[in-house]
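The tour below moves from selection to selection.

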Amino acid sequence: MLNKYIKINPKVEDAIKNKKPVVALESTLISHGLPYPDNIKVANESIKAVEESGSIAATIGIINGEIKIGLDNNDIDILATSTNVQKVSLHNIALSFLNKQNAATTVATTINIASKIGISFFATGGIGGVHLGVEKNNDVSADLTELSRTRMFVVSSGAKSILDLEKTFEMLETYGIPRISFNSDFMPGFWYEETEFKVDKNFKNIDDISNYLKIIENLKHKSSVLIFNKVPDSKGLEKIQIEKWINQSVDKANSKNITGKELTPFLISEMNQLSNNKTLEANIALIINNALLAGKISKEFYS
Ligand code: PSU
Ligand code: MN
């Protein structure tokens, strides 16, 4: 055990020790990204998807002031239904131990914890990044800085569409974060299939991704690697439509003065309302699909 604030589920601990494939999953999307009861469904189906691929799932969150690696059904229920679950990033994580809180971990926090205990793979929906209007609001997700200094193999559908995707993409390059994808030449746009930003390499199969990641590991490359996986076909939305709804959502956030860590959850929930839950359906499908791909790559990497 790493320290007294971390409790690892025995199955996950055994897998890490014996170099079996493990995929970490985050909990902010459960508490702050998706409405109840879809959040419980997504948490459980993501675990199932990882397990179907032959890897072991380790959902990470904070229960009563302790980090739990491998949340059980009861823990997921708490994070999915309680109204006072904190969203913790690296600047405020220690406070949740001090105050014995229940808290959800973002991409930044989850990969930080996962890498400390020897997990190499992680799946999420979309990473955080540079927000629209950054010139005025200075809002850049801590996900980017953490991805730049922690080696984790991260499967996502790009950065969330509500962000300034061009600036986010550039920042990834600045930080030396490889941007590869599975079956696409471009970074996905989260709710839509493709942006115009060309990835470093489009890999057509899992073997090739795994071989590439072994090179990264041998190089002791310092940053994470982003493995992009676009939203499943039938659930993807039109970029033009998404952009219209984003403008409306951002205007509303500005008029209500919503900033900081409240901003991302607010925009996602506005988008779900404006789209009549079409964005929600896409979000659900892509998260589960990303968990599945991470499970498959991890399985191949350790075999
Ligand atoms: N992916 C989703 N839904 C989410 C998130 C990711 O499909 O809600 C979460 C992640 O936890 C990510 C966070 O770290 O949104 C970004 O928040 P912020 O922009 O405040 O850094
Ligand atoms: Mn922010």
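Select Arg179 and Phe169 to begin: Arg179 lies over the face of Phe169, at 4.0 Å from the ring centre, where a charge counts as over a ring if NZ of Lys or CZ of Arg is within 6 Å of the ring centre and within 35 degrees of the ring normal. Next select Lys201, whose charged end sits over the ring of Phe203, 5.8 Å from its centre.

This is a predicted model, in which local features need pLDDT of at least 70 and side-chain atom pairs count only at pLDDT 80 or more, while totals for chains, interfaces and linings use all residues. Residues are numbered from 1 along each chain as its sequence is written, chains are lettered from A and ligands numbered from 1 in the order in which they are written, and side-chain values use heavy atoms, with hydrogens and water left out.

Now turn to ring against ring: rings of Phe, Tyr and Trp (its six-membered ring) pair if their centres lie within 6.5 Å, with planes under 30 degrees apart called stacked, over 60 edge-to-face and the rest tilted. The count comes to 9 aromatic pairs. Select Tyr5 and Phe97, which are stacked at 4.7 Å centre to centre with 5 degrees between the planes. Tyr5 is partly exposed at 33% relative accessible area, whereas Phe97, at 15%, is buried (buried is under 20%, exposed over 50%, partly exposed in between, with a 1.4 Å probe and protein chains only).

Finally, select Phe121 and Phe301, whose ring centres are 5.4 Å apart with planes at 70 degrees, so the pair is edge-to-face.
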